[in-house]
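Welcome! Here is a friendly briefing to read with the model beside you.

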Amino acid sequence: MSEEKKKGFFGRLVEGLTKTRDNIVSGIDSIFSGFSNIDDDFYEELEEILIMGDLGVHATEQILDTLRQKVKEQHIKEPHECKELLIESIKEQMQVEETAYRFENERSVVLVIGVNGVGKTTTVGKLAGKLKSQGKKVVIAGADTFRAAAGDQLKEWANRSGVDMIGGTEGADPGSVVYDATAAAKARNADVLIVDTAGRLHNKKNLMNELGKINRILEKEYPDVYRETLVVLDATTGQNALVQAKEFSEVAEITGIVLTKMDGTAKGGIAVAIQSELSVPVKYIGVGETIDDLQKFDPDEFVNALFDVREDS
Amino acid sequence: MAFDSLSEKLQNVFRNLRSKGRLTEDDVKAALKEVKMALLEADVNFKVVKQFTKSVQERAIGQDVMNGLNPGQMVIKIVNEEMVKLMGSETTELAFRPGKELTVIMMVGLQGAGKTTTTAKIAGKLKLKGKKTLLAACDVYRPAAIEQLQINGEKQGVEVFTMGDKNKPVNIAKAAVEHARKNEFNVLIIDTAGRLHVDEDMMAELEEIKEQVDVFQTVLVVDAMTGQDAVNVAGTFDEKIGIDGVILTKLDGDTRGGAALSIRAVTGKPILYVGMGEKLSDLEQFYPDRMASRILGMGDVLSMIEKAQENIDEEKAKELEQKMRKNEFDFDMYLESMSQMRKMGGFSSLLGMLPGMGLGNGKMPDIDTDEAEKSLARTEAIIHSMTKKERTNPSLLNPSRKQRIAKGAGVDISEVNRLVKQFEQMKKMMKKMPGMMGGKRGKRGMFKGLPF
């Protein structure tokens with residue numbers, strides 16, 4: 001298992017993003033030095049590198065348009081001056097509003113959804129541990145009654161972080177689990193109820209309907225609490241992550257995104273694309289396997305780490 | 001729009017080409033620029049895209065295209081050929097040691113790729129082939145991973161070897177081999193924990209298993225939705241552990257599956273199977289040529305034809321055809337043709353294979369396939385609620401009989417009425433065009449035996 005060294009957010013992120021940086025930065029650096037003029041070839045190369053980072057065609061174009069405009073306005077002639085500008089425009093795109101974490105301080109219910117294998121159960125476990133350590137009373141609901149042993153997996157996380165779990169047997173109606181969980185959350189006066197759901201591909205109609213049902217049960221049975229709905233996305237996922245986020249937002253009002261597996265070589269650039277196309281902020285990123293490895297998303301640090309602008313470490 | 005499918009994109013590009021007649025170099029370049037963007041949007045790795053467009057361009061700008069009678073078709077052909085070439089030209093399967101000798105297969109991959117589920121799926125496939133298969137649970141890290149394999153193994157009726165989560169994976173693997181040898185298993189599949197390819201310790205663990213245990217096939221399981229990173233993941237696993245084949249999972253989503261192209265191009269290793277759903281039976285053969293045409297937007301018509309041919313009982317189809325020609329079409333035949341369509345995978349999978357409808361988005365948001373399948377089920381229930389006489393002689397159906405049928409099927413009488421009406425219309429239609437249902441000689445019409 002991974003070691004539990006305390007490295008702080010930036011340290012972890014930098015470590016996790018090393019490969020990312022190597023790829024993007026070496027590309028960008030060579031471009032910034034290899035070109036003497038800002039011309040079409042220059043922009044084309046830039047475009048390709050951003051796309052290689054999984055930013056997606058659309059987000060890349062937007063960023064480059066902004067860049068072109070700024071270069072023109074500020075009469076920039078040197079390619080290396082573009083670097084700062086590029087970083088700035090991506091940062092701009094990635095800002096998270098200050099109210100993004102309201103659910104942590106209010107009586108709330110957090111619904112966690114996503115496709116199969118992105119790390120929903122792990123995220124729920126980490127989030128529960130995090131909130132519990134802040135002194136919150138947390139109840140988690142294991143509404144993944146489909147995948148074999150998903151309940152056991154969540155139970156293990158519940159034990160690790162010492163929170164209550166309401167589950168159902170394999171094959172049970174997820175709706176009934178959620179219903180029981182709301183009753184338990186009310187009875188136990190929980191601060192936060194976190195609902196783990198089964199992984200579902202966003203193009204499976206009946207599963208998406210089931211999600212709608214869970215959403216309605218929460219609305220009806222637990223009406224006066226703050227609602228947070230997090231979509232968990234795997235950072236290694238390519239452009240399909242956008243489609244996922246879009247489809248999920250049609251059955252439940254998505255309030256945030258959790259990007260997992262950011263400690264691999266995945267570029268995580270999809271985060272930029274999602275922010276740009278759907279205006280749903282990335283709120284957390286997963287950079288490892290321990291409870292501490294779920295971190296609040298910081299756009300500045302994220303972009304800095306991405307482009308290797310080291311302020312401190 | 002960024003969500004347009006690659007197929008649509010490419011189709012749009014080639015629609016323009018078709019209308020232009022002969023191709024100039026500029027035309028090819030412009031088209032390939034679009035192809036490039038479309039492929040990038042489909043998550044095909046950038047370097048692969050570059051290589052791909054380059055080779056197409058080399059072939060396209062030149063005589064065969066310039067002198068071609070239909071330049072659009074020619075470019076499609078070239079693009080298709082190059083894609084097939086990239087993906088490997090033929091179907092490859094898992095290899096086994098000869099005879100009854102034990103074959104050890106090790107499953108590796110990132111977290112959440114679907115290794116445990118896929119392991120159980122392969123076990124089911126091998127069981128059907130008559131191989132005595134043992135599964136070894138070597139994921140000692142993820143909570144409940146062992147239970148997951150145990151439950152799935154039980155569902156498939158395959159033995160699962162476990163030693164809990166307190167032992168080293170390499171020791172579990174060794175003990176599993178021992179157990180397999182002693183009990184004369186033919187195949188042992190080792191399910192390992194998901195790991196990042198940059199995690200040195202975890203990668204070393206796999207190397208150790210491979211060293212200590214005589215692994216014959218190492219299979220990398222990859223999520224089909226993987227983006228640009230697919231080449232890094234596949235490349236590193238291949239470099240460090242050495243892989244023999246790849247299984248792509250979650251292809252039943254609407255991802256464009258560009259990863260398939262990338263992985264094949266970078267590792268040169270074949271894609272063995274594709275995961276097409278959540279059920280333990282949803283593991284299918286990978287056909288590179290079909291994947292290419294699927295990406296190209298020609299739909300997977302090939303696959304559909306084959307599915308139809310496999311499943312439709314030729315005899316019954318002939319009988320059906322005969323009856324249709326004589327206009328003796330009755331509810332029994334209606335039922336028969338419906339169940340044959342079911343065998344081909346139901347509505348949704350059929351629709352998914354048609355050109356322009358595949359890859360799930362854009363074109364057909366309004367056709368609710370789940371709903372369509374439900375209504376098929378209701379129709380079946382209605383027919384099942386009829387007596388034999390009523391089925392062969394629908395004119396018997398008076399209101400009181402219909403009432404009884406509706407009750408029996410648990411539907412409203414209006415649905416029974418609608419079905420009868422549809423049936424009569426269909427009968428009329430068939431009378432009008434006797435040649436349509438596979439009547440032409442020698443032609444293997446793909447709608448032969450279908451109810452419409």
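In this predicted model, pLDDT (the predictor's confidence in each residue, from 0 to 100) stays under 50 over residues 1-10 of chain A. The model has 13 contacts beyond four places in sequence for residues 1-10 of chain A, where two residues are in contact if their C-beta atoms, placed from the backbone, lie within 7 Å. Over residues 309-313 of chain A the pLDDT is also below 50, and that stretch has six contacts beyond near neighbours in sequence. Where pLDDT is low, the predicted coordinates should not be read in detail.

**Reading the model**
- The mean pLDDT of chain A is 84, with 86% of its residues at 70 or more.
- Residues count from 1 along each chain as its sequence is written, and chains are lettered from A, ligands numbered from 1, in the order in which they are written.
- As this is a predicted model, local features need pLDDT of at least 70 and side-chain atom pairs count only at pLDDT 80 or more, while totals for chains, interfaces and linings use all residues.

**Strand β2 of chain A**
- Helices (H or I, at least four residues) and strands (E, at least two) are DSSP runs, numbered from the N terminus.
- Strand β2(A), residues 138-143, is largely enclosed by the rest of the structure, because six of its six residues are buried.
- Buried means that 20 or more other C-beta atoms lie within 10 Å of a residue's own, with C-beta atoms placed from the backbone.
- One side of β2(A) carries A:V138, A:I140 and A:G142, the other A:V139, A:A141 and A:A143, and all are buried.

**Partners of β2(A)**
- Strands pair if DSSP finds at least two bridges between them.
- β2(A) runs parallel to β4(A), residues 192-197, joined by six bridges; here A:I140 stands opposite A:I194.
- Four bridges link β2(A) to β3(A), residues 164-167, also in parallel, and A:G142 has A:G167 as its bridge partner.
- Together, β2(A), α6(A) and β3(A) form a right-handed β-α-β unit: with the strands pointing away from the viewer, the path from the first strand over the helix to the second runs clockwise.

**Where chain A meets chain B**
- In this interface, 40 residues of chain A are in contact with 40 residues of chain B.
- Helices that each supply at least two residues to chain A's side include α2 (40-52), α3 (57-73) and α6 (150-161).
- α6(A) gives the most to that side, with four residues.

How values were computed:
Buried ≥ 20, exposed ≤ 12 C-beta atoms within 10 Å, placed from the backbone.
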